[in-house]
Amino acid sequence: MHIEDPKVVAALSKFNVELRRASSFAELTSLAIGGTTDLLRIKNHESIPGLLSLLASHGVPHRFLGGGSNLLVGDGELPWVVLQLASPNPDVVLEGNFAQVDAAADLGRTVTYCAKHDLGGMEGLIGVPGTVGGALRMNAGAYGMQIGSYVREVKLYRAATRQIEILRGEQISFEYRHTSFAPDDMMLAVKLELPSKPYREILQGIRICNEKRRSSQPLGQKSAGCIFKNPPGASAGRMIDELGLKGLSVGDARVSDRHANFFVNAGKAGAKDMLTLIADVRERVRSEFHVELEHEVVIWNA
Ligand code: EPU
């Protein structure tokens with residue numbers, strides 16, 4: 001979508017928002033798939049309510065983008081603009097066992113920064129790409145831990161009240177790759193409470209998780225991590241593997257040879273290729289195992 005109205009364009013600078021015309025999701029996502037739209041980079045949280053009411057009053061639909069690492073976006077010119085937070089400096093502030101982290105902060109960098117200050121707990125998240133805001137929204141987890149366990153407060157723009165609010169950890173439910181945030185809520189910052197641990201010990205945990213990830217996941221390739229959630233008591237990756245579907249391709253969209261729940265863009269895959277592959281694998285799992293796999297990857301295809 002191209003913002004045409006000069007009044008809207010002029011108002012954006014009043015809100016300290018940077019407009020990047022025709023930004024491509026092939027560059028904004030780790031899958032390197034998706035069409036183009038205007039990207040609005042937000043430099044201060046306080047401008048968000050005003051910005052969103054400006055867009056609503058001019059009939060400009062929008063989506064919120066985190067780090068783009070768990071996202072599959074449709075091809076062509078997209079019918080909405082995309083909003084993304086620009087990362088402030090500093091993006092992590094520590095006080096005792098609390099880490100105040102901006103949603104735009106890089107997740108891996110945050111884990112490492114806290115570790116260097118003897119704050120642990122998040123070792124499993126090392127190697128999970130994306131922002132802290134994205135991890136929060138999805139309740140990212142790996143190797144027996146999930147970020148939700150450490151959340152004490154969340155600052156967010158709440159679509160329901162159209163205001164910036166602070167929620168306490170106990171007001172939010174964190175489940176397996178699911179949270180109680182509304183789809184239109186925008187994560188702004190989080191306060192984590194992390195256990196004290198010597199850096200050397202945390203580093204050892206980080207190395208173990210890194211090694212496990214390197215040996216089982218296609219890290220150097222373009223992917224969005226796991227495509228499907230694990231059904232209760234089962235593993236989507238193992239089921240797809242047992243069906244012999246590693247290497248199955250539609251165009252350049254391909255089931256990884258290393259981990260069957262990772263679908264990679266092996267060249268110039270389009271969204272259509274990837275969506276066809278996802279539907280095909282889902283159908284085969286349904287007919288062979290009688291299990292309906294649920295998407296873990298977020299799909300913006302309209
Ligand atoms: N397996 C196979 N073949 C495969 C892949 C896996 O047989 O191609 C088997 C493994 O040998 C293992 C079992 O399936 O016995 C589980 O595999 P793995 O340990 O790789 O974990 P996963 O359940 O496939 C989950 C998360 C990952 C996370 C890892 C590590 C989901 C959907 N996936 O994968 O998260 O990194 O555990 O904790 O919950 C993601 O969120 O995008 C993601 C990749």
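S47 lies in the loop between β2 and α3, where S47 touches F15 and I42, leaving aside residues up to four places away in sequence; contact here means heavy atoms within 4.5 Å. At 7% relative accessibility S47 counts as buried, a term that stands for under 20% relative accessible area, with exposed meaning over 50% and partly exposed in between (1.4 Å probe, protein chains only). The model is predicted, so that local features need pLDDT of at least 70 and side-chain atom pairs count only at pLDDT 80 or more, while totals for chains, interfaces and linings use all residues. Residues are numbered from 1 along each chain as its sequence is written, and side-chain values use heavy atoms, with hydrogens and water left out.

**The sheet**

- An open sheet is formed by 5 strands in the order β6-β7-β14-β10-β11, with antiparallel pairing; strands (E, at least two residues) and helices (H or I, at least four) are DSSP runs numbered from the N terminus, and two strands pair if DSSP finds at least two bridges between them.
- The edges are taken by β6 (92-95) and β11 (163-168), each of which has a single partner strand, so one side of each is left without a neighbour in the sheet.
- From one strand to the next the twist averages 15 degrees, with axes taken as lines fitted to C-alpha atoms, for helices over the stretch in contact, and angles running from 0 to 180 degrees between N-to-C directions.

**Strand pairings**

- The antiparallel strands β6 and β7 are joined by 4 bridges, and V92 stands opposite V101 in β7.
- These two strands, β6 and β7, form a hairpin with 2 residues between them, and G96 in the turn has a positive phi of about 60 degrees.
- Between β7 and β14, which run antiparallel, there are 5 bridges, and the bridge partner of A99 is L192 in β14.
- Strand β10 (residues 151-158) is joined to the antiparallel β11 by 6 bridges, with V154 having L167 in β11 as its bridge partner.

**Helices across the sheet**

- Helix α3 (residues 48-57) lies across β10, β11 and β14 (186-193), and runs at about 35 degrees to β10.
- Helix α4 (residues 107-116) lies across β6 and β7 (98-102), and runs at about 30 degrees to β6.

**The contact of α4 with α6**

- The axes of α4 and helix α6 (residues 199-216) come within 8 Å and cross at roughly 150 degrees, which makes α4 roughly antiparallel to α6; angles over 145 degrees count as roughly antiparallel, under 35 as roughly parallel, 65 to 115 as roughly perpendicular and the rest as oblique.
- On the α4 side V111, A115 and K116 meet Y199, I202 and I206 of α6, and the residues of this contact divide into 5 nonpolar, no polar and 1 charged.
- In this division Ala, Val, Leu, Ile, Met, Phe, Trp, Tyr, Cys and Pro count as nonpolar, Asp, Glu, Lys and Arg as charged, and the others, Gly among them, as polar.

**The two sides of α1**

- In helix α1 (residues 6-14) the buried residues are V8, A11 and L12, and, seen down the axis of α1, they fall within an arc of 110 degrees, so they line one face of the helix; the arc is that of the directions from the helix axis to the C-beta atoms.
- The cover over these buried residues of α1 includes β1 (17-24), β2 (36-42) and α3, whereas P6, K7, S13 and K14 are exposed on the other side of α1.
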